[in-house]
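Hello,

Here is the structure I promised to pass on. Please open it and keep it beside you while you read my notes below.

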Amino acid sequence: MIKESRSLLLVREDFVLNLFRICDYNMVKNRLLVNHSKNTIQLFWQRDQSVPRSAPAVDFHHPFSEEDLAELRWYLEDYLGFPYGLEPEKAKQTEKKIKEWGKELFKVVFPRSSKAWDFFQEATREGLDKCELCISSDDPSVLNLPWELIYDTDHQFLSPALAGMYRSLNSYAVRAEITDLPENELNILLVIARPYGEKDISLKTIAQPILESLQPIQNKVNLKVLRPPNFEQFERELNENKGFYHIVHFDGHGSFDPNSQGLQHSLGGDGQGVLIFENLNGTPQIITASQIAQSLVNCRVPIFMLNACKSAQEGEESFSSVATRLIGLGAKGVVAMAYSVYAEAAKYFIGRVYEQLVMGSNLSEAVASGRRELINKRQRPSPKGYLPLQDWMIPVLYQQENYSPLAQDTNDKLDLEIFLEEPPPESLIGESKEGSFGFVGRDYDILQLERSLRQNPIVLLQGLAGVGKTQLAIGFSKWLIQTRGRSLCFFNSFEYGTNFVSVIYQVGRAIWGDQFSQYEWEKQKVAVLNYLKSQPCLLIFDNFESLKDSSSSGKFLLTESECEDFKNLLHDLQGGKTWILITSRKEETWLECNYTLQKLSGLHPKDAENLASKIFKNAGIDRAKLSPKYLELLETLSGNPLALRVILPYLKRFTPEEILESIKFGLESFQESSETGKKNSLTVSLDYSFSKLSEKTQLHLPFLALFTARFNISFLCNFSHGFDGGDHLKSSEDYREFFGEKITKTDWLAILSEANQSGILSELQHGLYELHPVLPWYLHQKLLQNHTPDEIGKIENKILIFYMFHGIAFTPEYNGSSTEEAYSALLFEEPNMLRYMSFAEQNKDWDSLWTVFTGLGSLYNRLGLWDKFLLLGQQLLKKLGNEFSSILSSDEKQGYFILKTVLSVSRPNLQNRSA
């Protein structure tokens, strides 16, 4: 037994009494305190509110060598990055050592046949869930130890089962009680700092799991992301909202600055922990924990969540020094991650912690509950699929006193008002759709987009075909909406049909509804422009190269006047609050708006792995059985999402080595054209996939080059085999002449099924398919290998004639189907009808253009889509004017002038009819 001086013993007992005095007695019956001082530890036990009892102090020597701690870090942070070869066996051995290390810790704190052992037995007699354990010290090297590993043969690992486990300081007094915080919801300020750019951890590693985990309790949580993430904005936000935030959640980096001037470190030396915010230009902004803690105290913020990642740049004291300084200067509690954490683990842990806090639990109980969630859900992603990982010891809690942000809700009745609430209105406006496998990765690109847009409100995102520009634009907009970065986002795709009029009309109708249609065009423009200048919106112009790309047939190419409208719009929005994101395969220097150029390449290797895992699951491929060579295949494909989609399904038939050899051979012999905007790895991938298709599929699949966005198998069958339409069409004969044979519906089903399984197509539902934007271009090259442009133009003209009758063919009067079914089918074909309207315009085929337009007008009228009808009519009048009316046949002139009258004079009547 260690003999302590009388003064040291009195200091210890005074500290323990003070600490136990402020404990929460509502839920925990027993408390064990391990107090470290000098080179000794002493155990104290308190039951209920009785006087704490003490065991004799003993010498302290922890059981961890530097090699042990390094091995633990490898297991938690590196192992799942490459779980091949000897690594899985090494991981199993480390898991065994974790248990042995835990046993040694237990022996140090609760040696058998000692007073400390007796206290432990008594404190846990009614169950570990009725006891909490506190480790108290002022030594960072002691606080840094993985105390959560403490293990007893009878009880297993203690920390997941205890009511609470936390660290505290010996030397700091308890601060005054924080009062008058909101009690109706949990208010969280999230700071995401990524000052090290592409080398940093992913932007949404913590934020996305938080957002997902808060969905079930979103009506009880208010989360705001700090923008920009610099200290000046941090102080401004807290000072403007004093007594509002319960939690500041810092997701970034921490370090230890030995030269920092300020309060003395607890061991007597200079220096203190620091957190790294961002300067306005994204570079590191180093802020001491003292500065941060002072802001928390001044603005009455009791809890600090710390995801400060430990890295090779950080000293071993950085983690504990930040947490202890925050605690020492007034924070009630600090929840921190001792090691880098997987997003999956963060989602489970943080989600459960916040859920428990909302329900009225104190911080210690909430962290214990979160740790139990991790021990019950151990599967984490890896290149071999999901593998178990014992990472429940990563979260740790520092606190000086227990704190419950919200009172416990004792009312078991469900609040009727919750179920009467209307869902919030859609904040992403426009026809935008995530890909078949959802939005994957792109964290660094999102980070760069947001930084660029803060400096310049107009950014051009340039990338080759298939690289994922559209998906990034959609993912970026959803990120801004989820984190309250923008109030509304407007998505406009120029792949077909969109022009300046539709952009103005989209915004106007979204903001002012039917009222917007009552105003003249010039007033509409002014209103939308002023709105966008004054409100923090995001305006997306997707596939912008389509505006002036004369080589792309079948698109709405704009007049010079309309191009000037876009130039003026972007010029006028400079300096306003709205951000504009333009995506294009090439630079758009003609805009003359001084945009910021951001180039987009393939997915980051980890993101490519995540996308691959989804493709494998869809294709029924077991990743665990693949050789690690498949990772090289992902790299060879340059992380191009479309290339991955069309190549990886073939791993069901071929080995990674076989496919890799073919792709490398194709890349070596490929002659890239800089004009196409298509990456050679993508073209080679499409060639590989196409070459593996059956002969019949290779012959007929290029027919899809003549469609836009999506198509219906019924149309293909009717055109190629059985819907001739008398003397007017004879489309099946045209198809046979072009492709050499007629094919039946059974043939088409086999062709499309094969293409869908290969990843070239996506089946939306039975008989309805989606085309990737680059696929028509690729298949058009296949058509040109066997046909001249004139021959292709002739078959396009036959499709145009077919679409002239398409509206009639799908009406209930013609085919006897229900109104809903008939018009849904026609609406599905809308992109193709718009495409062939443009084809008719380019060929000055006014009769056909008018016929297709009136068919669409009938559809819009039937479905009450007056916005689309009005917009399409305005486009025709603006582009064609009197020239159009003079060429139309006499019967169609009447319809044209009726349209003109309706659009220019009777907007209120249209509005009333649609009401």
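This is a predicted model: local features need pLDDT of at least 70, side-chain atom pairs count only at pLDDT 80 or more; totals for chains, interfaces and linings use all residues.

S21 covers residues 458-463, and six of its six residues are buried, so call the strand mostly covered.

Now look at what lies beside it. S21 pairs with S24 in the parallel sense, over five bridges. In that pairing, Leu-460 has Ile-582 of S24 as its bridge partner. S21 also pairs with S25, in the parallel sense and over five bridges. There, Leu-461 stands opposite Gln-598.

**Helices**

Next, find helix H31, residues 830-842. H31 has 13 residues and reaches 19 Å from its first C-alpha to its last. That is close to the 18 Å expected at 1.5 Å a residue. How many of the 13 residues of H31 are buried? Twelve are, so the helix is mostly covered. Among the buried ones are Glu-830, Arg-835, Phe-839 and Glu-841. After H31 comes Lys-844, with a positive phi near 50°.

Helix H16 spans residues 521-534 and holds Gln-524. Is Gln-524 buried or exposed? Its relative accessibility is 0%, and buried means under 20%, so Gln-524 counts as buried. Set aside its neighbours within four places in sequence. Gln-524 is then in contact with Ile-504, Tyr-505, Phe-516, Ser-517 and Tyr-519.

**Rings**

The count of aromatic pairs comes to 46. Take Tyr-75 and Tyr-79: their ring centres are 6.1 Å apart and their planes meet at 10°, so the pair is stacked. Both of these tyrosines, Tyr-75 and Tyr-79, are buried. Phe-738 and Phe-739 form an edge-to-face pair, at 4.8 Å centre to centre and with 70° between the planes. Phe-738 and Phe-739 are buried too.

Ring pairs also build a cluster. Its members are Phe-703, Phe-707, Phe-711, Phe-715, Phe-719, Tyr-735, Phe-738, Phe-739, Trp-748 and Tyr-769.

Lys-90 lies over the face of Trp-74, 4.1 Å from the ring centre. Arg-486 has its charged end over the ring of Trp-579, 3.8 Å from the centre.

**Backbone points to check**

Which peptide bond is cis, with omega near -15°? The one from Arg-227 to Pro-228. Pro-228 lies in the loop between strand S10 (221-225) and helix H7 (231-240).

Then compare two asparagines. Asn-543 has a phi near 55°, a positive value in a residue other than glycine. Asn-543 sits in the loop between strand S23 (538-542) and helix H17 (560-573). Asn-594 is not a glycine either, and its phi is positive, about 55°. Asn-594 is in the loop between strand S24 (579-584) and strand S25 (596-600).

Which asparagine is buried, and which is exposed? Asn-543 is buried, because its relative accessible area is 7% and the cut-off is under 20%. Asn-594 is exposed, because its relative accessible area is 66% and exposed means over 50%.

Best wishes

Conventions: Residues are numbered from 1 along each chain as its sequence is written. Side-chain values use heavy atoms; hydrogens and water are left out. Helices (H or I, at least four residues) and strands (E, at least two) are DSSP runs, numbered from the N terminus. Buried means under 20% relative accessible area, exposed over 50%, partly exposed in between (1.4 Å probe, protein chains only). The expected span of a helix is 1.5 Å times one less than its number of residues. Rings of Phe, Tyr and Trp (its six-membered ring) pair if their centres lie within 6.5 Å; planes under 30 degrees apart count as stacked, over 60 as edge-to-face and the rest as tilted. A charge sits over a ring if NZ of Lys or CZ of Arg is within 6 Å of the ring centre and within 35 degrees of the ring normal. Contact means heavy atoms within 4.5 Å. Two strands pair if DSSP finds at least two bridges between them.
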